Amino acid sequence: MAGRRRVVVLVVAAALLVAVASPGASGKSARFELLRLAPAASLADLARMDRERMAFISSRGRRRATETASAFAMPLSSGAYTGTGQYFVRFRVGTPAQPFLLVADTGSDLTWVKCHRAAAAASASPRNASSLPAPAPASPRRTFRPDKSRTWAPIPCSSATCRESLPFSLAACATPANPCAYDYRYKDGSAARGTVGVDSATIALSGRAARKAKLRGVVLGCTTSYNGQSFLASDGVLSLGYSNISFASRAASRFGGRFSYCLVDHLAPRNATSYLTFGPNPAFSSRRPSEGIASCKPAPAPTPAPAGAPGARQTPLVLDHRTRPFYAVTVKGVSVAGELLKIPRAVWDVEQGGGAILDSGTSLTMLAKPAYRAVVAALSKRLAGLPRVTMDPFDYCYNWTSPSGSDVAAPLPMLAVHFAGSARLEPPAKSYVIDAAPGVKCIGLQEGPWPGLSVIGNILQQEHLWEYDLKNRRLRFKRSRCMH
């Protein structure tokens, strides 16, 4: 084929010289005669070459579609069936892709998976195996095999990435080729230890046609030792925190500068699935949905126009270095039954030791002491007619069973969190007066230290669609069934 192309080029070049030298040539145009210098191909050959060309055209079309796709989605579900208060997302990483179930955590900047220890040692080098942490306390159901991934690349401990971009990396670096080791600690006392590298995640692009693509350069921890109850039912953590190394930042930078999620009822069964979406979410578009409540099912994303989305509210997303990797919001106050409570402004002010964050990895909402005391006093006042019972870890629990054995039909006061920009979060009553046991309901809030941050946990966020617009520093939210 290459030889044939050279012959055609020579013939055309010779014809051009003749045309230029011809006395009758006008200089404005030239006519060439196309000559077939090779024997005529059979129809079978022509058909075969046409198929090869079509395959080439199709591959280019798929590549362009991948490059211009506006969003992708990942299935998200409650972990109640495992006895945890986390939400799990399905995640595929490596080449070929290996499937995992990870905790969706807006408070983490490191994505990690439980790793096969022998494979982790092999993917580093024999001389580096002794520097790896102690074995994991339990044998997980699924483990990542870095030695089986063609796209896995360990990050050397001597690299600038390890030394400067990973605040959880360990200082020890026996030789420059050693893998970058980490000891990641969580506020609940749990921890994960291992080595970090980069790999590719497989994502499902949104749209009518099911297409998959690779998101390259994902920072990934290969965890060989961990502790904490929250990790027993999952394969690791998907980092959705505000950080230049988190999965959220990596994916959002490629897909519209934003991500969104919808949390189903925290007690929902395993098959109740919503989505974690990167890129524009159609539920925040100006097109009015056919139903009054948004659906979280991924679909072809129209041009976003959040201000026109029915029922959507927005407030500034505070990306403050003092609260990183968490996402902070400005709270103006809390009301119960329409009455704004007397809570010191300092409680919501980062400058004065307060502030508020959203955290999908925390179950129960924790309010700094002055806010907690005011809110539970207002709620318990309106529940005073119900018999109190004792149940850890809550301060206010009630017997919700009538003498006939049925649930008490007691009206619940409305709780509202008032954000900057006149946006209000008005969660369903079951999100703050929660089912704690059969026939027992509790005020589902926890008292936090003061000074200290208040944390809006995932139960208070449930049955809402939340969009983190990192590019424009906006948080949007609206009520939703969260079911596809």
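1. Ground rules. The model is predicted: local features need pLDDT of at least 70, side-chain atom pairs count only at pLDDT 80 or more, and totals for chains, interfaces and linings use all residues. Residues are numbered from 1 along each chain as its sequence is written, and side-chain values use heavy atoms, with hydrogens and water left out.

2. Disulfide count. A disulfide here is a pair of cysteine sulfur atoms within 2.5 Å. By that rule the count is five. With the bonded cysteines of the protein chain numbered in sequence order, the pairing reads 1-6, 2-4, 3-5, 7-10, 8-9.

3. Cys-162 and Cys-180. Cys-162 sits in helix H4 (residues 160-165) and Cys-180 in strand E6 (residues 180-185), so the bond ties together parts 18 residues apart in sequence. Helices (H or I, at least four residues) and strands (E, at least two) are DSSP runs, numbered from the N terminus. Both cysteines are buried. Buried means under 20% relative accessible area, exposed over 50%, and partly exposed in between (1.4 Å probe, protein chains only).

4. Cys-262 and Cys-482. The sulfur atoms of this disulfide are also 2.1 Å apart. The torsion about the S-S bond is about -65 degrees, so the bond is left-handed. This pair links distant parts of the chain, 220 residues apart. Cys-262 belongs to strand E10 (residues 258-262), while Cys-482 falls in the segment after strand E27 (474-479). Cys-262 and Cys-482 are both buried.

5. Cys-397 and Cys-442. Here the S to S distance is 2.0 Å. A torsion of about 105 degrees makes the disulfide right-handed. Cys-397 lies in strand E19 (residues 397-399) and Cys-442 in strand E23 (residues 440-443), so the bond ties together parts 45 residues apart in sequence. Cys-397 and Cys-442 are buried.

6. The open sheet. Four strands line up in the order E15-E14-E20-E21, with antiparallel pairing. Strands E15 (339-340) and E21 (424-425) are at the edges, each with a single partner strand, so one side of each has no neighbour in the sheet. Two strands pair if DSSP finds at least two bridges between them. Strand E14 (residues 331-336) and strand E20 (residues 415-419) run antiparallel and are joined by five bridges. Val-336 has Leu-415 as its bridge partner in E20.
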